[in-house]
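User: Could you walk me through this one? I'd like to go question by question.

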Amino acid sequence: MKSKDLRDVVRRKYEAGDTPTKIFRDLNGALGLTTIKRWCKMLRNTGSIELSKPSGGPCLARTS
């Protein structure tokens, strides 16, 4: 679950000066620490969080 809301929370907390570990503790397991560290690195380098894949699971319904 990497919704836009979670990305916004991480961005706001990072810009407020929180460390990735503090953000991880505040989110109480909603995201992994590795994901938060990667997003913070993206924020530091580019200023935004760009996901490589769209959020959500794969579409499993098949129609003819």
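User: Which residues make up the largest nonpolar core?
Analyst: A nonpolar core here is a set of buried Ala, Val, Leu, Ile, Met, Phe, Trp, Tyr and Cys residues joined through side-chain atoms within 4.5 Å. Buried means under 20% relative accessible area, exposed over 50%, and partly exposed in between (1.4 Å probe, protein chains only). On those terms the largest core has ten residues: Leu6, Val10, Ile23, Leu27, Leu31, Ile36, Trp39, Cys40, Leu43 and Ile49.

User: Which element gives the largest share of this core?
Analyst: The elements that put two or more residues into the core are H1, H2 and H3. Helices (H or I, at least four residues) and strands (E, at least two) are DSSP runs, numbered from the N terminus. The largest share, four residues, belongs to H3.

User: Before we go on, what kind of model is this?
Analyst: Residues are numbered from 1 along each chain as its sequence is written, and side-chain values use heavy atoms, with hydrogens and water left out. Local features need pLDDT of at least 70, side-chain atom pairs count only at pLDDT 80 or more, and totals for chains, interfaces and linings use all residues, since what you have is a predicted model.

User: What is the mean pLDDT of the protein chain?
Analyst: pLDDT is the predictor's confidence in each residue, from 0 to 100. Among the elements, H1 has the lowest mean (91) and H2 the highest (93). Across the protein chain, 91% of residues reach 70 or more, and the mean is 86.

User: What pattern does the protein chain follow along the sequence?
Analyst: The chain has three helices and zero strands. Read along the sequence, that gives α-α-α.

User: What is the radius of gyration of the protein chain?
Analyst: The radius is taken over C-alpha atoms, and the globule rule is 2.2 Å times the number of residues to the power 0.38. The C-alpha trace spans about 50 × 25 × 20 Å along its principal axes. A compact globule of 64 residues would come out near 11 Å, but this chain has 14 Å.

User: How far apart are the end C-alpha atoms of helix H3?
Analyst: The expected span is 1.5 Å times one less than the number of residues. For the 14 residues of H3 (residues 33–46) that should be 20 Å, and the end C-alpha atoms agree, at 20 Å.

User: Which residues of H3 are buried?
Analyst: H1 (4–15) and H2 (20–27) are among what covers them. The face turned away from the buried side carries the exposed Thr34, Arg44, Asn45 and Thr46. The buried residues of H3 are Thr35, Ile36, Trp39, Cys40 and Leu43.

User: What is the phi of Asn28?
Analyst: Asn28 is in the loop between H2 and H3, and it counts as exposed at 69% relative accessibility. Most residues other than glycine have a negative phi. Asn28 is not a glycine, yet its phi is positive, about 55 degrees.

User: Which residues does Asp26 touch, not counting residues up to four places away in sequence?
Analyst: Asp26 is in helix H2 and is partly exposed, with a relative accessible area of 36%. With contact meaning heavy atoms within 4.5 Å, Asp26 touches Lys13 and Asp18.
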